[in-house]
Amino acid sequence: MSFILYLAAGFLSGFLGGMGMGGGTILIPTLTIFLGVGQHAAQATNLVAFLPMSAFSLKVHKDKGLLRTDGILWVIIPALVTSVLSGLLASVLPAEILRKMFGAFLILLAVKGILSLKFTVKEK
């Protein structure tokens, strides 16, 4: 039964991630809150799940001509370095601190989303 729950959580997260919402915002809370997975394991699972999704997204963007490659090394190199360093930091942080940092990240993401909404007033 738990396999079905994990599969459903992965499917839902992948579906929402494909729609642009970032699957980790669903996958990590689902794994930790509803399925009892530890914080470290949930975040590591999210990172592993992100690899095929990002490779697929990269191919789709390239096929649609939406991928610019000029200056890409100036993005890739710092991203790789900070990803590795952040992963190492996350592996040694206590789960409670990691959980609070992820919660703060989700709150900041929500605030950014609210602030980016464009409200229009229709005139009669």
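The model is predicted, and its secondary structure comes to five helices and zero strands. The protein has a radius of gyration of 17 Å, whereas a compact globule of 124 residues would have one near 14 Å.

**Fold and dimensions**
- Read from the N terminus on, the elements of the protein follow the order α-α-α-α-α.
- The C-alpha trace spans about 50 × 45 × 30 Å along the principal axes of the protein.
- When contacts between residues at least 6 apart in sequence are considered, 47% of them join residues at least 24 apart.

- Of the 124 residues of the protein, 17% count as buried.
- The accessible surface of the protein amounts to about 10000 Å², and carbon and sulfur atoms account for 75% of that area.

**Threonine 32**
- Threonine 32 belongs to helix α2, which covers residues 24–34.
- Threonine 32 has a relative accessible area of 19%, and it therefore counts as buried, since the term applies to values under 20%.
- A polar atom of the threonine 32 side chain lies 3.3 Å from the backbone oxygen of proline 29.
- Leaving aside residues up to four places away in sequence, threonine 32 touches Val37, Gly38, Gln39 and Ala42.

How values were computed:
Residues numbered from 1 in each chain as written. Predicted model: local features only at pLDDT ≥ 70, side-chain atom pairs only at ≥ 80, totals over all residues. Heavy atoms only, no water. Helix = DSSP H or I, 4+ residues; strand = E, 2+ residues; numbered from the N terminus. Rg over C-alpha atoms; globule rule 2.2 N^0.38 Å. Buried < 20%, exposed > 50% of the residue type's maximum accessible area, 1.4 Å probe, protein only. Contact = heavy atoms within 4.5 Å. Areas by Shrake-Rupley, 256 points an atom, 1.4 Å probe, with all protein chains shown as cover. Polar contact = N/O pair within 3.5 Å; in protein donor to acceptor, adjacent residues only side chain to side chain.
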